[in-house]
Amino acid sequence: MIARWGRRLRIPRGEGAGPWLAAGCVSLSLLMVVALLVLLAGRGLVYFWPTEIELVTLDDGQHFAGHAIRDEPPPRGQLGVSQRLYHTGNRDLHGEVWRWVDIERIASQARPADLVVVERNRWGDFIGRVAGLQEQGRDLALSEAERWPTVRQRLERVVRLREESDALREQVVEPLAKRLAEGRWRDSNDRESLAAELEAANARVLAVQDAMSRDALVLESVNGRRVVQPLQGVYRILRPNAMSGFDKFMAWGRDVWRFLSEGPRAANAAGGVWPAIFGTMLMVMLMSVAVTPFGVLAAVYLNEIAPQGRLTRLVRIGVRNLAGVPSIVYGVFGLGVFVYGIGGTLDEWFFHDRLPSPTFGTGGLLWASLTLALLTLPVVIVATEEGLARIPDAQREGALALGATRAETLRRVVLPMAVPAMLTGVILAIARAAGEVAPLMLVGVAKLAPQVPVDGEFPFLHLERKFMHLGYHILDVGFYSGDIEAAMPLVYATALLLVLVILVLNLTAIFLRHHVKARHGALQR
Amino acid sequence: MIDFSTSSARRRQRLRLVRDRLATLLISACGIGVVGAVLAIGVFLAVEVVPLFTSAKIEQAPAADQDMRDISDLQRTWLRPTSTGAFVARTEKRFADLGAGPLAVGETMLWRADGRDLEVFSLAEGEPRLLGRVTAVEEGRRITALASLVGGRALIVGDDGGGVRRWVMGPDSVLPIPTPAYRQAGQAPIRVLMPVPDRRLFLALNDAGELALYQALAGLLWTGAAPAGEPLGFDAEARLLWSDTTGIERLVVDAEHAEVNWDTLWRPQHYQGHAESQHRWQASVTDSADEPKYGLAPLAWGTLKAAAYALLFAIPLALGAAIHSSCFMSRQLRHRLKPTIEMMEAMPGVVIGFVAGLVLAPYIERHLAGAFALLLVLPMGLLVGGWAWSLLSPHLRQRLPLGWAGLWLMPWLAVLIALSLWLSPALERVFFGGDLHLWLEQVLGLDYVSRNAMIVGLAMGFAVIPTIYALTEDALSGVPASLGEGALALGATRWQTLWKVLLPAASPGIFSAVMIGAGRAVGETMILLMATGNSAMMTLSPLEDMRSMAANIAIELPEAALGGTHYRLLMLSALLLFVFTFCVNTLAEVVRGRLKRRYRRLEGRS
């Protein structure tokens, strides 16, 4: 009986359970990759979508307005009710930004169109209604219908004025002040005229700022508490409940752009990541400038010039292994040799007057790039060498037979053919460097770098400055920020950005390598 | 012979040759330089580490420092018995009523030796109050010297047989706890014990005129003959002043990193304030009275534990995936799969760490039962899937070929995972009385920490899978086709061919793949930094925390003082990581090279 069942149940054709388990491994690995990407993309992009505001009335008659964030079951092992988390903003009114509510207690929910979210420079978001508009402290008489267009109009005016004042300060006031401070004038007349000019410019800035502070919003929370918010401190006002899908999409696009182009605010817990993007890019560029020539030369030496004996083979194995040495070890090396060793010496030679505060003797852009260059050197060497090895010997022999010297063969024949391989190596190096954080923590990354390493001041590129980095930004915002609930979406967005950059770089490298393989065929050796 | 070349052509020829030489020279110089610079990492780390293990010594201060009459900064760190009683050198406070035995004073304690016994007094209420007695030396011996180390929580006892032993304050008892006796420097009675100010070093002088230097944990460091005369005390630079009839001599105690040696790093130590010996890493202490604890064992343990769990997760998945893709997968899919897995490798550690630490860890904590169930559900579900597939009509089977199973099994697995996680609360209710965490604690005695080895295993496994996969795949698909074809021709199924022919042939390659994966797991920093709680524990449990060497370096190196013991120890951990990964990778590379040559032989080439 059992035997008969066994025959029935036996997999008729096929090869037993093994192949299915093996196939499952592939599926599971792919599933994990997909899940990670979907998680990052979903959470990272949704963050910018203007969510609607709910006006919640509780069973005891209380009401409040906020974005519903998520529901959570009762804490494990305890009987209780599910709770919902709301982001209610208005830190200035009730001191708390988040509110947990028992779902059972919610009597009704509504989405009135007149609720607004106001992004402010202080106290975080305000969620409530616009009750009125003040001009120089006097209320403007506006009908309901006029109110919203007027608010938007006035906000646009403030934005224009802010740009004007920023431009004035950067282009007129600061250069003048610098000239005066550094004593760059021809005679006393010139100096006086400069001073007068500066005064006039300052007066203009003050006038613009005065104009900016003319208007103020009267905001009213859903509980009826009022706040007067100067329009000067408002970045954005949205009425998400009244927006159409297209409006929301436009607002989403604007927010994504602001995320990419603005600096962080509120101790990195809000705002954009532009300095981090810039720092990452600059560091990676400097690194590739350092790593490309040396990596390529070393590969050419190992593959073309060095005698192909046991020693070269050992060196090759050594170089290959260095790709497997933990990145933190390179960080330690960078700290010990570049920062404390070379940096300390440079400080003693050239920046003696600034000691004991270090100039190059502390982590900075230059040391970070050099450390990462060292870290990615094996990648470039290995990729270039592989490319060189793929070039058929007949090409070299042909060139040599025609009377070319070795240098000429290299320059005219071998190197041009190996360019795609070198590019592959450099791109892989960049991709690896862009994602590496551990060594940077030792040699120069900063939580918040007030000065970007590039500015209008001589020598324009400040190699000794600390810089911000996307990867470190993730660590810092995710693990060391006070309000993790508020920071998480930002971390998701940053992580998504970093992963996208790295994926694009890697895809380029894969494409290039494919191109090389198609051209020269499989590896010869 | 007629020379056709004109002088200008000759000049050009020479120029070309010179240029060739120059280029070759330049490239060689650069190449050798780069290779040398890269290999210098190991040399640099070794140079930084060496001072840790230089032996300590006591020598005469240079002549320039010797002839100083000014001894106003003299500080005596020990109590000297007088005819009437004893006094503290610094405060000149007398404890005359306690008798003439050796005394030592801590912050709130006073110890007095009485023959074989040690008496403990409290100084909290002004007048010394006897708290208890304990027998401190063996039968037939007598305590001859006492001294307390900086912070006053460790006591050194010297006896008339030359024995020296450290007693430490326990966590709750007022009576000190003995630690193993130090190696003896001589047999003569210890005359005086001299703790070096603000260090955990002390000197012992015995009646035979032998001077010995000890470190609280490392034990005996140096012995030598003492100069004639009497020790006076230490000056501000911690040099020992020694007087005899002719004048004053200064001795320099050169023992910068004396608290570290191979034993203190790797063996359990009895630290002050603890009841028993233990492994412990606690390098940064806020108070000078606290003892820094430099035990590398917990860090090494954490590193290896994390790597082991990561490999436990990664090896089966990576090997399975490689087997499937080299033997069963359709060519088309394989060409698409490889780049995908390569991109998985490029996923930055900081992103994986963030997702593991902030998303996965809290999620799994809430769905622990479901996560455990997955271990069972996934393989069973796969088998059920395979069985169901075999029951399909031939037409459908053709539409869902095994070669593409990697793709079309994904939704099925997703459903299984979702199902087990959804059922998690129910499972917990049915099997574990509603709370798995409580059950684990009460029945198995396991603590659950949110960021634990299991999470790290998952996250780091994810990072290691691509490495192992790619190398295993290379090894498997590199096996000469004739071997597999032969087996197939003899009637073996593909699975039999794989199991009996391909895997044995490729096993060295698989071994090297696993080794390289292990090297990567050992050195990974960001994932461990973010996905663990970074507390240095030494347990095997997958549900508990650990601290790895790499994460420890990233956390502590920026704050370590340049050139200090802590700094050099972090360099030592970096060196260990370097040496470990370098050895593992070299081994793997050598094995792989051998394998390649073997394949070539098997194929009949070269």
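User: How many salt bridges does a search of the whole structure find over all chains?
Analyst: This is a predicted model, in which local features need pLDDT of at least 70, side-chain atom pairs count only at pLDDT 80 or more, and totals for chains, interfaces and linings use all residues. Residues are numbered from 1 along each chain as its sequence is written, chains are lettered from A and ligands numbered from 1 in the order in which they are written, and side-chain values use heavy atoms, with hydrogens and water left out. A salt bridge requires a side-chain nitrogen of Lys or Arg within 4 Å of a carboxyl oxygen of Asp or Glu. Over all chains, the number of such salt bridges is 43.

User: How many residues apart in sequence are the parts that Glu485(A) and Arg70(A) tie together?
Analyst: The side chains of Glu485(A) and Arg70(A) form a salt bridge at 2.8 Å, N to O. Helices (H or I, at least four residues) and strands (E, at least two) are DSSP runs, numbered from the N terminus. Glu485(A) belongs to helix α15 (residues 484–520) of chain A and Arg70(A) to strand β2 (residues 63–72) of chain A, so the parts joined are apart in sequence by 415 residues.

User: What area do chain A and chain B bury between them?
Analyst: The contact (heavy atoms within 4.5 Å) involves 88 residues from chain A and 92 residues from chain B. Buried area is the accessible area (1.4 Å probe) that two parts lose on being put together, summed over both. Carbon and sulfur atoms account for 81% of the buried total, which is about 8100 Å².

User: Which side chains meet in a salt bridge at 2.7 Å, N to O?
Analyst: Across the interface of chain A and chain B, the rule finds one salt bridge. The side chains that meet in a salt bridge at 2.7 Å, N to O, are those of Arg16(B) and Glu408(A).

User: Which helix gives the most to the side of chain A that touches chain B?
Analyst: With 21 residues, the greatest contribution to the side of chain A that touches chain B comes from helix α2 (residues 18–46) of chain A. That helix is α2 of chain A.
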